[in-house]
Every structure is written in C-alpha cells, then in structure tokens.
Amino acid sequence: MVVDDHPIWREGVARDLTERGLDVVATAPDADAAVRIARAVRPRVVLMDLNLGETTGLQAIEGILTALPETRILVLSASGEHADVLEAVKAGAAGYLVKSASAEELLAAVRRTADGFPVFTPGLAGLVLGEYRRLAGSDRSGPAVPALTERETDVLRLVAKGLTARQIGERLGVSHRTVETHVQSTLRKLQLHNRVQLARYAIEQGIVEE
C-alpha cells in the first residue's frame, strides 16, 4: 500500500512497484484514509510519506499499527532530518528511505521490509542505533532480560544487522535451518513476533556492535 499526498508521485510509485512484480493493493492520500483503507485491505507493507498535507505520516503509522500490528511500515520521505527519522521509528516504522533512492533500491527495501528486516538509507541506521542505545542507557528499570544462549545471542546480533538466515549461517558455520531454529527460539523467549522487533530489542539491550 502506498501513502502519499501528491497524486502524481503516489500513482507513479505504485505503478513502478507493480511493474516490478509487487502487488500494490491500495493507495491513500492522507492519514485518515490510510488507516481506514489499511484496515480493509490489510497490506503486508505500507510505503508511507511523512508529510500528508494537514495530517502526518506519524498519525497514520500509529493508527495502522494499532489496528494491524503485524503490518510493516517503510517510510519514504523527502526529509532526511534526524528528528524526522527518529520520530518515525519511535512511532513504529520498520525502516526509513529518502525519496532520492532509486527504483531498484526502493524495490529491494520493500521486499526486505516484507521479509521482516529493518531497512534504512545509508547513514541513518547508525543514528537509530545510537538513539536506542541512549534511551536504553537512561532506563534500566524494566523487567529482567530473558536468558539467551550464546549462539542465540550471536544470531540475534546478526539479525539486527540485517543479515539473512543464509548469510548468518555462512558467518557462523551452520545451516540456515539451524539459524531459523535459533530465531524462532529467541522470538518465543522474548515474546516477540518478527525480525524487526528482534532488531529493536537487540539495539535497546546494547547487543548490536558498531
């Protein structure tokens, strides 16, 4: 689903993604329409602009995720301002691209988002990592962290870096099926649902290395 207040841009992006093999189930021009339509069509991924005229993409992100927590939202914005990126991620966005990205980069980002990986324009991932570490360091009053095995921690660290199961398997010298077993075990222990949530958890706990 594509959400943007500029009709030409919105329809152009939807057309480009359709021509490249994706199923664009709907488009929307503002936050209210985005939430209403998303509830009806239940998209796997929402490509979301932040500036939606009188409404904001942040409103749409929060509204969609409240109704459809398994939907993944990838922000596509003209702004690369750090404050905008952090606000989008805090609202629940799974990733953030600037509109200068090529059609091929956008296509790859949508597919990786659908597969559960966090995706950011180069240079923004470190910003988000640093902010989550700062927040994690300022609040240590939460519940105890479930115990993970050493191998589960290794896998979690690489998942948070955006590696696929096969890439992780090659890095650790195990099969991709073994990696998936560790991922599913970690999800159960942490009571999380997907790799995006795993990545956020790893960042918040300071598990990810620079």
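In this predicted model, helix H7 passes helix H8 in a right-handed crossing. H7 spans residues 150-160 and H8 covers residues 165-172; their axes lie 10 Å apart, and the two helices pack at an angle of about 130 degrees. Angles of 65 to 115 degrees count as roughly perpendicular and those over 145 as roughly antiparallel, and H7 and H8 are therefore oblique to each other. On the H7 side, the residues that meet H8 are Arg 151, Asp 154, Val 155, Leu 158 and Val 159. Their partners in H8 are Ile 168, Arg 171 and Leu 172. Sorted by class, the contact of H7 with H8 holds five nonpolar and three charged residues, with no polar ones.

Helix H9 runs over residues 176-190 and helix H10 over residues 195-204. Their axes come within 11 Å and cross at roughly 70 degrees. This angle falls in the 65 to 115 range, so H9 and H10 are roughly perpendicular to each other. The crossing of this pair, H9 and H10, is left-handed. H9 brings Glu 180, Val 183, Thr 186, Leu 187 and Leu 190 to the contact, while H10 supplies Arg 195, Leu 198 and Tyr 201. By class, the residues joining H9 with H10 comprise five nonpolar, one polar and two charged.

Conventions: Residues are numbered from 1 along each chain as its sequence is written. This is a predicted model: local features need pLDDT of at least 70, side-chain atom pairs count only at pLDDT 80 or more; totals for chains, interfaces and linings use all residues. Side-chain values use heavy atoms; hydrogens and water are left out. Axes are lines fitted to C-alpha atoms, for helices over the stretch in contact, and angles run from 0 to 180 degrees between N-to-C directions. Helices (H or I, at least four residues) and strands (E, at least two) are DSSP runs, numbered from the N terminus. Angles under 35 degrees count as roughly parallel, over 145 as roughly antiparallel, 65 to 115 as roughly perpendicular and the rest as oblique. A crossing is left-handed if the near helix is turned anticlockwise from the far one by less than a right angle, and right-handed if clockwise. Contact means heavy atoms within 4.5 Å. Ala, Val, Leu, Ile, Met, Phe, Trp, Tyr, Cys and Pro count as nonpolar, Asp, Glu, Lys and Arg as charged, and the others, Gly among them, as polar.
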